[in-house]
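Here's a quick briefing to read with the structure open beside you. Take a moment to look it over, then work through the points below.

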Amino acid sequence: MNKIIDGKKVRDERKEKLMEEIKKLKEKLTLVDISVGDDAASKVYVSQKEKMALEVGYNFLNLHYDKIEEDKLIEKIEELNNDENITGIIVQLPLPSYLNKDRILNTVSVDKDVDGLTRENLTRLVKKEKSLIPCTPKGVMTLLESYHIDLIGKKIVIVGRSELVGLPLFHLLLNKDATVTLCHSKTKDLKSYTKNADILIVAVGKKSLITSDMVKPGSVLIDVGINRVDNKLYGDIESSSIEVASLMTPVPGGVGPMTVISLMENVLEAYKARKNK
Ligand code: NAD
């Protein structure tokens, strides 16, 4: 039996569907990516987003600054907020430490916040109101749905509580009536939680944090982690855990491709929401 949750396959199906919708639009949508500094991983992510944006039929504007004053950056974002031709705005993280991340993220207009990282979008998510959902959590939810994984009443353990991944996932799964436990760096005896999880989602960034003895037989494993070692990518869950699990995402090829397509879906959603205002 094939136990792999194939993120690339689901991504390709979603991409095709999205492109059909985009073709019907009278106008071309524009996604802007703002990055500051010289983070090497960010450069790779921006180019992946640009490639996908152009493939699905969006314009992509890459605004890169080696260095910029915080107030100037805020002014630029406000200008983009007010520009009718701009559909979605992403502020690439991490930002250099001299910039106030929260202030900058929260300047992005809530209806152009296609990364779903503004305070307002996170609040709407918690309150179960319609919102733009952060891309990686959205991608995980799409994968679970695509593989018809029942969530109601299931014991789900998430490891990692970041605002980018673990925390929004906690609320998304709770909103689907799962029983969700959120573990983090201060959790004692992690194994006592992971071992009982029907669905285990790990978003930490530590290779082999989860070993096969920490996994419940027959469970579903979603590995969000990306760890580069000797130029090879690994997740946070040891790959041999697939022998114990019923289904598992590979790294690469699991959650990663879903993050990018979720962003593209958010751009169309942002456009539709503004049109229907
Ligand atoms: P982060 O550093 O912001 O958060 C890490 C979380 O892990 C924290 O909540 C921390 O409490 C928890 N943690 C740290 N050590 C732990 C331990 N020993 N036991 C339990 N919990 C522990 O990271 P992030 O931005 O949430 O990213 C997490 C991982 O997911 C990284 O590897 C990142 O590269 C990856 N990621 C992948 C995608 C994707 O598209 N596949 C997207 C975003 C992030």
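By class, how many nonpolar, polar and charged residues does the shell around the ligand have? The count is nine nonpolar, nine polar and two charged. Keep in mind that this is a predicted model.

**Around the ligand**
- There are 20 residues around the ligand, and the ones that come nearest are Arg-161, Ser-162, Lys-206, Ile-226 and Thr-259.
- Helix H9, which runs over residues 255-275, gives the most to this shell, with three residues.

- Arg-161 has a backbone N or O atom sitting 2.7 Å from a ligand oxygen atom.
- For Ser-185, a polar backbone atom is 3.0 Å from an oxygen atom of the ligand.
- With His-184, a backbone N or O atom lies 3.4 Å from a nitrogen atom of the ligand.
- On its own, the ligand has 860 Å² of accessible area, and the protein covers 73% of that.

**Domains**
- The chain splits into domain 1 (28-109) and domain 2 (135-256).
- Taken over C-alpha atoms, the centres of domain 1 and domain 2 are 29 Å apart.

**The largest nonpolar core**
- This core holds 49 residues, and among those touching the most other members are Leu-31, Tyr-58, Leu-144 and Met-264.
- Several elements each supply at least two residues of the core, including helix H1 (7-23), helix H6 (135-146) and strand E4 (155-159).
- H9 turns up here too: it gives the most to this core, with 10 residues.
- Domain 1 and domain 2 each contribute at least three residues to this core.

Definitions and conventions:
Residues are numbered from 1 along each chain as its sequence is written. This is a predicted model: local features need pLDDT of at least 70, side-chain atom pairs count only at pLDDT 80 or more; totals for chains, interfaces and linings use all residues. Side-chain values use heavy atoms; hydrogens and water are left out. A residue is near a molecule or strand if one of its heavy atoms lies within 4 Å of it. A polar contact is a pair of N or O atoms within 3.5 Å; within protein, one must be able to donate a hydrogen and the other to accept it, and residues adjacent in sequence count only if both atoms are side-chain atoms. Accessible areas come from the Shrake-Rupley method with a 1.4 Å probe; for residues, only the protein chains shown count as cover. Helices (H or I, at least four residues) and strands (E, at least two) are DSSP runs, numbered from the N terminus. Ala, Val, Leu, Ile, Met, Phe, Trp, Tyr, Cys and Pro count as nonpolar, Asp, Glu, Lys and Arg as charged, and the others, Gly among them, as polar. Domain bounds come from an automatic or database domain assignment. A nonpolar core is a set of buried Ala, Val, Leu, Ile, Met, Phe, Trp, Tyr and Cys residues joined through side-chain atoms within 4.5 Å. Buried means under 20% relative accessible area, exposed over 50%, partly exposed in between (1.4 Å probe, protein chains only).
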